Amino acid sequence: DMAGLKDWFFQGTIPVKISRYQFTIPQIFRYTVNPRVTDKLEQSQKVIFENLIADKKTVSTESLQTVYTMYNLPGIRDEPYMSTPKDYMQRAEFQLSQINNGYGSLLNLRLKWSDVINDLMADEDFGQELEKDIPEADSLIMKAKKITGLVQRAAFIYKNIQQNFTWDKTENIYTSNGIEKAWENKRGNTADINLLLVKLLKDAGMDAAPVLFSTRNNGYVNTLFPHLNQFNVVMAYVKNPEGDLILDATTKYNDYRLIPAAVANLRGFIVNGERGEWKTFFCGNHQYKNIVTIQGNVSEDGHVSGEITASSFDYAKTERLQSSAETKENFKSTFFPLVNTGFKLGSISFNNTEADSLPLEQKLNFTGTATSSSDYKFFPANIFTGFANNPFIASERISDIEFGCPQFYTFFSSFTIPDNYSFYEVPHSILLAMPDTSIIFSRSVQVDENMLSFKTTLQFKRSIYPAADYFEFAAFYKKLFARLNDQVVLKKKEP
C-alpha cells in the first residue's frame, strides 16, 4: 500500500546495534520524509528498474531505492512521569505528497490542515454525524435553553451525557455506531459520545466544535505533518469569553471546569472554519491539590492510633473519584502508602462525591506500633502523606518529567504522647527550594509538652520539568525525601 508507507522507528525499548530500513518506491509516487533523529542517520539512494504488474499488465518503471541506517541506539525505557516512550524514539515519518501521472504532470497530494478539515467534515463517521437530528433529545435541549448562563448551560448538557452514557473503552476520532445509536443505546466509543455532545451543545445555542487531541500517553502531535492518525481522541470545544471549555463526556468524574487531565497543557486541533485552529489548553488556576490532616496518639506501650482526613481538589479530586469507584483497598495503597510495615489502615469513607464545588473528603483510621529500642520509641514523620518512595533515583533521564499540572500539598500532623515520655528528637523546621523556586518544600514544627505539631507544604509550580534539568531535580528530590523521612524519637522519662 504505497499511500500508507509506515513510519519507521529506529529505536525501541531494548538497545539496537543496527537499525536499517530499506524501501523501494516507483517514481510515480513522491514522498515527503521527516527524519526525527538526534544521532547520525546514514542514507543511500539509487535508481533501479522494475517490472510492476498493474491491471494484469506488466509495466516497466524506474524506482528509487532508499536505505536508512542508524547504529548503537540505546533502549528507550519507561520512566516515571513520562508522556510515552514513543515520543523519544528516533524515527522517520512519511507522507505521500505527489503522484506523477506521466508526461510531466504531477498530482499534488500533500495535505494541509485545511484539507484535513474538508475531509473530516465530509466524512460520514465524523462531520456528517453532526448534521443528523436527534428528535429524542429535544426535551433536553429545551431545558438547556432555559438556562441563561452559557457555562451553566454547557455544564447541564455535559453532565447529562456524562452521567447517563457509558464509554466502551475505545478511543477513536471516528464514530463506531454513530450518534443516533449512541443516544439510543446510551453507549459508544469516544467519538460516538463526544460528537453527540458537540451536536447537542450546538443545538442548544453554544459555540461548540470538535477538537482533536493526542493524549499524553499517546504521544505528541507533529503539527507540520497533517496526519489524522496522530490523534486518538475527539472532545467537545466550547468557546466562552470567560474561558474556553474542553469537555470529555467519556470520563465520569471530570469537573466541567477542568481541562481533562489526559490533555491538560497539550495542543488540540479545533475542527472549525476553513483552516481549523491549533490551541494549547492550559489548566489555568486549577491544580492537583491535597490537604491532609493527621491526628495521632501514642500509648505507653508504643501503640499508635489516629485519624486521617484528606481533602482533594481539582485534578486530585478527579483522580481519586475515579479510583474510589474501583476498589477501596487499591485506593488506600495508592494514595496512603505505608512507610512503616508496623502500621495499617482501617475502613475509608468519602464525602462530597456529588458536589462539584466542594473537595472530595476522605476519612480513615490507622493503627500501628512505633519501633522500640530500650527506652526509645520512634516512627517516621511522613506517615500517610503519600510520599513513600522516591521515584527519581535514576542517575540520568532522557524524558521530560510531566506532572500534567501544577501540584500543591499541605499536611497538618499532630501526635500526642504519654506523660512519662518526652520528645527526644523531632523533625526540624526547614525550607528547601529548587534554584529557580519552581519547587518549594517547607516544614514548621512546634512542641508543646506532650504534643508535637507540624505543618508541611510542598508546591510544584510547573507542569513540566525538562530532562536537561534532571540533575538538579533529582538532587532536590533526594534532599526532599531525606527530610520527609526524618524520625520522631521519644524517650522514656526517668522515674
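This is a predicted model: local features need pLDDT of at least 70, side-chain atom pairs count only at pLDDT 80 or more; totals for chains, interfaces and linings use all residues.
Visitor: What does the chain hold overall, in helices and strands?

Guide: Welcome! The chain has eight helices and 28 strands. Its C-alpha trace spans about 105 × 65 × 35 Å along the principal axes. Of its 495 residues, 47% count as buried. Among the contacts with a separation of 6 or more, 69% are between residues 24 or more positions apart.

Visitor: Why are helices α2 and α3 called roughly antiparallel?

Guide: Start from the angle: the axes of α2 (residues 138-145) and α3 (residues 150-164) cross at roughly 150 degrees and come within 9 Å. Angles over 145 degrees count as roughly antiparallel, and therefore α2 and α3 are given that description. The crossing of α2 and α3 is also right-handed.

Visitor: Which residues make the contact between α2 and α3?

Guide: From α2 come Leu 140, Lys 143, Ala 144 and Lys 145, while α3 brings Arg 153, Phe 156, Ile 157 and Asn 160. Sorted by class, the contact has four nonpolar, one polar and three charged residues.

Visitor: How many aromatic pairs are there, and what makes the pair of Phe 331 and Phe 335 tilted?

Guide: The structure holds 36 aromatic pairs. For Phe 331 and Phe 335, the ring centres are 4.8 Å apart, and a pair needs centres within 6.5 Å. Their planes stand at 55 degrees. Planes under 30 degrees apart would be stacked and over 60 edge-to-face, with the rest tilted, so this pair is tilted.

Visitor: Where do Phe 331 and Phe 335 lie?

Guide: Both are in helix α7 (residues 328-335), four residues apart, which is about one turn of the helix.

Visitor: How do you know whether Phe 331 and Phe 335 are buried or exposed?

Guide: Buried means under 20% relative accessible area. Phe 331 has 0%, so Phe 331 counts as buried. Phe 335 has 8%, so Phe 335 is buried too.

Visitor: What makes the pair of Phe 366 and Phe 384 tilted?

Guide: The planes of Phe 366 and Phe 384 are at 55 degrees, with ring centres 5.1 Å apart. Phe 366 lies in strand β18 (residues 360-369) and Phe 384 in the loop between β20 (376-380) and β21 (401-402), so the pair ties together parts that are 18 residues apart in sequence. Phe 366 has a relative accessibility of 1%, so Phe 366 is buried, and Phe 384, with 1%, is buried as well.

Visitor: Which residues do ring pairs link into a cluster?

Guide: Among them are Tyr 81, Tyr 288, Phe 387, Phe 392, Phe 403 and Tyr 409. The cluster also includes Phe 411, Phe 460, Tyr 465, Phe 473, Tyr 477 and Phe 481.

Visitor: Where is Glu 449, and why is Glu 449 described as exposed or buried?

Guide: Glu 449 sits in the loop between β25 (439-448) and β26 (451-460). Exposed means over 50% relative accessible area; Glu 449 has 72%, so Glu 449 is exposed.

Visitor: What makes Ala 475 partly exposed?

Guide: Ala 475 has a relative accessible area of 34%. Ala 475 lies in helix α8 (residues 470-484). Between Ala 475 and Ser 395 there are 9.7 Å in space, C-alpha to C-alpha, and the two are 80 residues apart in sequence.

Visitor: How do you know whether Phe 231 is buried or exposed, and what does Phe 231 touch?

Guide: With a relative accessible area of 7%, Phe 231 is under the 20% cut-off, so Phe 231 is buried. Phe 231 lies in the loop between β10 (208-213) and β11 (233-238). Leaving aside residues up to four places away in sequence, Phe 231 touches Trp 113, Ile 173, Leu 212, Phe 213, Ser 214, Asn 218, Val 221, Phe 269 and Trp 278. Of these, Ser 214 is 17 residues from Phe 231 in sequence and 4.5 Å away in space, C-alpha to C-alpha.

How values were computed
Residues are numbered from 1 along each chain as its sequence is written. Side-chain values use heavy atoms; hydrogens and water are left out. Axes are lines fitted to C-alpha atoms, for helices over the stretch in contact, and angles run from 0 to 180 degrees between N-to-C directions. Helices (H or I, at least four residues) and strands (E, at least two) are DSSP runs, numbered from the N terminus. Angles under 35 degrees count as roughly parallel, over 145 as roughly antiparallel, 65 to 115 as roughly perpendicular and the rest as oblique. A crossing is left-handed if the near helix is turned anticlockwise from the far one by less than a right angle, and right-handed if clockwise. Contact means heavy atoms within 4.5 Å. Ala, Val, Leu, Ile, Met, Phe, Trp, Tyr, Cys and Pro count as nonpolar, Asp, Glu, Lys and Arg as charged, and the others, Gly among them, as polar. Rings of Phe, Tyr and Trp (its six-membered ring) pair if their centres lie within 6.5 Å; planes under 30 degrees apart count as stacked, over 60 as edge-to-face and the rest as tilted. Buried means under 20% relative accessible area, exposed over 50%, partly exposed in between (1.4 Å probe, protein chains only).
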